[in-house]
Every structure is written in C-alpha cells, then in structure tokens.
Amino acid sequence: MEKFYPISAVIDEEGECGWYDDTARNLKCPLCGEDFQHIGKEVGAPRLIDGRNAGAAWDGRGDFVVVPIAGECGHQWEIGFGFHKGNTAIFVRLPDRSESWTPSEP
Ligand SMILES: [Zn+2]
C-alpha cells in the first residue's frame with residue numbers, strides 16, 4: 001500500500017548545497033535520510049496525469065504531476081503536485097512496490 005509523507009520530510013535543512021546563494025537545499029530520502037538522491041532520465045521522466053476534473057489522478061479533482069526519485073540507498077519515492085480548485089498540494093508518496101533501485105556506473 002502506498003504511503004504519504006509531508007514535503008518537509010525530504011528537505012535537508014542541515015546541509016547547504018551551494019546553489020542560489022545557499023537558498024537551495026538537497027533532497028533526502030524520507031525513509032533513511034540519505035541525501036544522495038537521483039532524478040532524471042535514469043530514474044524516469046516526471047509525469048503529468050490528467051485528473052479530468054473528476055479525481056481521476058489523485059484525491060483532489062485536478063491534474064497530478066509526479067516526479068520520481070531514487071536514492072543511492074535503494075529506496076524509490078516520488079514528489080507529487082496535486083491541483084484542486086486553484087490550490088496545488090505538494091507531498092511525498094512512496095509507491096506500492098518493493099523492488100530496490102541501484103544507480104548505474106558512470
Ligand atoms: Zn533511503
């Protein structure tokens with residue numbers, strides 16, 4: 001069964017990552033706290049799911065944008081953006097799957 005976490009669970013407030021006058025923060029795994037997290041082609045492209053204004057994509061009525069993320073820790077998770085009547089919710093979702101992910105060698 002998929003699980004949900006607040007977005008604050010994946011923002012590493014302890015470490016500065018050096019971009020944009022140190023306002024940027026690294027993501028960390030919601031399960032173990034590892035901050036080596038991957039996005040992009042290797043993990044899978046972000047997806048836009050049409051909610052058809054009827055709750056077809058997430059619990060709200062509007063569209064849903066999913067950004068897949070995979071950690072060097074082996075955990076996979078997603079950041080979700082759900083639109084509903086003018087507001088956009090952001091949250092972390094752990095998909096219902098158990099396979100681990102390992103980054104390929106450069
Ligand atoms: Zn992890």
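This is a predicted model: local features need pLDDT of at least 70, side-chain atom pairs count only at pLDDT 80 or more; totals for chains, interfaces and linings use all residues.
So, Gly15: this glycine sits in strand β2, residues 11-16. When I say strand or helix, I mean DSSP runs numbered from the N terminus, with at least two residues of E for a strand and at least four of H or I for a helix. Residue numbers start from 1 along each chain, as its sequence is written.

Back to the glycine. Is Gly15 buried or exposed? Gly15 counts as exposed, because there are 10 C-beta neighbours inside 10 Å. The cut-offs go like this: 20 or more other C-beta atoms within 10 Å of a residue's own makes it buried, 12 or fewer makes it exposed, anything in between is partly exposed, and the C-beta atoms are placed from the backbone. Which residues does Gly15 contact, once we set aside its neighbours within four places in sequence? Those are Asn26 and Asp35, where contact means that the C-beta atoms, placed from the backbone, lie within 7 Å. Leu31 is 16 residues away from Gly15 along the chain, and their C-alpha atoms are separated by 18 Å.

Glu13 is in strand β2 as well. Glu13 has 9 C-beta neighbours inside 10 Å, so it counts as exposed. Go eleven residues along the chain and you reach Ala24, with 9.5 Å between the two C-alpha atoms.

Okay, let's zoom out. The protein chain has eight strands and zero helices, so if you read off the elements from the N terminus, you just say β eight times: β-β-β-β-β-β-β-β. The C-alpha trace spans about 40 × 35 × 25 Å along its principal axes. The chain has 106 residues, and 17% of them count as buried. Take the contacts with a separation of 6 or more, and 39% of those are between residues 24 or more positions apart.

Now the strand pairing. Two strands pair if DSSP finds at least two bridges between them. Strand β6, residues 64-71, runs antiparallel to strand β7, residues 76-84, and seven bridges join them. Within that pair, Val67 stands opposite Ile79, and Ala70 has Gln76 as its bridge partner. The hairpin has four residues between the strands, and Gly74 there takes a positive phi near 100°.

On we go from β7 to strand β8, residues 87-94: antiparallel again, with seven bridges. Ile79 shows up here too, with Val92 in β8 as its bridge partner. This hairpin has two residues between the strands, and Lys85 takes a positive phi near 50°.

What else is joined to β6? Strand β4, residues 37-38, runs antiparallel to β6 with two bridges, and Gln37 stands opposite Gly71. Then there is strand β5, residues 47-49, also antiparallel to β6, with three bridges. In that pair Arg47 stands opposite Val66.

Which residues make up the largest nonpolar core? There are six: Val10, Leu27, Ile69, Ala70, Trp77 and Val92. By nonpolar core I mean a set of buried Ala, Val, Leu, Ile, Met, Phe, Trp, Tyr and Cys residues joined through C-beta atoms within 7 Å. Not counting residues up to four places away in sequence, Val92 touches Phe4, Tyr5, Ile7, Ala9, Val10, Pro30, Trp77 and Ile79.

Last stop, two loop residues. Asp21 is in the loop between β2 and β3, which covers 25-27. Its phi is near 55°, a positive value in a residue other than glycine. Asp21 counts as exposed, because it has 7 C-beta neighbours inside 10 Å. Arg52 is the other one, in the loop between β5 and β6. Phi of Arg52 is near 50°, again positive in a residue other than glycine. Arg52 has 11 C-beta neighbours inside 10 Å, so it counts as exposed.

Definitions and conventions:
Two residues are in contact if their C-beta atoms, placed from the backbone, lie within 7 Å.
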